[in-house]
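Trainee: I have a structure to learn today. Can we go through it in short questions?

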Amino acid sequence: MVMRTGDDRVERRVDWVSRRLPILAQIEREFSSPQPFGGLCIGICLHIEPKTAALCRVLMAGGAQVVITGNFGTTQQDVADYLRGTGVTVYHAPSDDRNAHQSNLNRVAGRRPDLIIDNGAELFSVLDSETNANLIAGTEETTSGANRLRNEKAGAGWFPVVVVNDSPLKRIVENQHGVGQTLVEAFMRTTNLGVPGKRVVVLGYGWVGRGIVRSFNSFGARVCVVEPNPIKALEAAMDGFRVARLDQVLSWGNVFVTATAQPGAITGEQMQSMRDGTILVNAGHFSTELDLKGLGEVADHASRVTDHITEYVLPNGRRLTVLAGGEMLNLAAGGGNPAETMDLGLALQALSLHWLLAHHADLPSGPRPVPEEINRQVAQMMLEQIFAGESATLGSSLSPGRL
């Protein structure tokens, strides 16, 4: 046996992950012959990590020229270098500050892409209807991005956008099960702390919040949900969790997790009422869910403990810890969502983009849900993967179509 080491390590890592993405692999094979994206440029803003590299490979197999920038704080340098070696144009580095990140977005837009894949509507925010008049359509991945498209960017679009986050598949598989698992894993890995007995306050009981609450609970944490929507709050209560207003639990919790897709979910003023040793975590797309600017203004000083742990000392002597600079903990300090969940999410991206290419001329501009036929197709593909190889031992009655 020959053990391979050295410069091909990232290639082997991407290949290892890609082999855990069977749905994407099937789509790659289907795209390879007709090459539906032939002659088109696809601009992307996504976390640059191995699973995204697999998506880029699928799009390139379909004939696309791919240009990508990463989301702030989550780019893996070795994967960015790997993508450059495969012919992808990459504008991002882990050391980029906010200004450089904005410049990278502008550079992608400046390549005049025909199609876009966005995450947080960050790329959408720099597009111009004159410079990018050739833009056909796009997809958006997140709740935060969908909110921006429907609120602050409402009426500003000139092309149809499929919001992948509106898919019930993504909400169940990626948001709930994927983020829920990896957020708690990243918390334990980053802090080297246990979860049992921790008093965890989770802000938001949407799909991401549900997954985080249930994962912390499964590890033995005592969980309280803060949710302003009375319907979701009732659901949390019926699921067996404590529900309260944030002001009621500021001095109770010792871990706070934001999953609201809204800025300022926890303000600097509120942080001053937290107990000594409190840990602050963000699971939303933008770090602004935690008012770190406000915290910095009231704190006497801050110190970097590790790459992903920053401790703030308040005038009252209490110490608050922020993980991963307020960025998405499971991505900034972890490996991101599990490969299986991202296989489904990225498949929705690729197939929705293909569908938009065929139907964009007949669609109104602005956000729209994933077509039902794509949801059903991807669900069936994932079911077949989950139960692959079981018929020989369990019999034909356990087939995906009869569950």
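Trainee: What is the volume of the largest pocket?
Mentor: Keep in mind that this is a predicted model. The largest pocket has 48 lining residues. Its volume comes to about 940 Å³.

Trainee: Which class gives the most residues to the lining of the largest pocket, nonpolar, polar or charged?
Mentor: Elements that each give two or more residues to this lining include α7 and α14. By class, the lining has twelve charged residues, 16 nonpolar ones and 20 polar ones. The answer is polar.

Trainee: How are helices α7 and α14 packed, and what is the handedness of their crossing?
Mentor: Helix α7 covers residues 168-191. Its angle with α14 is about 145°, and the axes lie 9 Å apart. L169 and V173 of α7 are among the contact residues, as are L344 and L348 of α14. The crossing is left-handed.

Trainee: Which strands stand at the edges of the open sheet?
Mentor: Seven strands lie in the order β3-β2-β1-β4-β5-β6-β15, with parallel pairing. An edge strand has a single partner, so one of its sides has no neighbour in the sheet. That picks out β3 and β15.

Trainee: How much space lies in the second largest pocket?
Mentor: Its lining has 20 residues, with F72, G73, H308, A324 and E327 nearest the centre. They divide into six nonpolar, nine polar and five charged. The space is about 340 Å³.

Note on methods:
Residues are numbered from 1 along each chain as its sequence is written. This is a predicted model: local features need pLDDT of at least 70, side-chain atom pairs count only at pLDDT 80 or more; totals for chains, interfaces and linings use all residues. Side-chain values use heavy atoms; hydrogens and water are left out. Two strands pair if DSSP finds at least two bridges between them. Helices (H or I, at least four residues) and strands (E, at least two) are DSSP runs, numbered from the N terminus. Axes are lines fitted to C-alpha atoms, for helices over the stretch in contact, and angles run from 0 to 180 degrees between N-to-C directions. A crossing is left-handed if the near helix is turned anticlockwise from the far one by less than a right angle, and right-handed if clockwise. Contact means heavy atoms within 4.5 Å. On a 1 Å grid over the protein atoms alone, a cavity is a set of points where a 1.4 Å probe fits but cannot get out, and a pocket is an open set with protein on both sides within 12 Å along at least five of seven lines; lining residues have an atom within 4 Å of a point. Grid points are joined across faces, edges and corners, and a volume is the space filled by probe spheres set on the points. Ala, Val, Leu, Ile, Met, Phe, Trp, Tyr, Cys and Pro count as nonpolar, Asp, Glu, Lys and Arg as charged, and the others, Gly among them, as polar.
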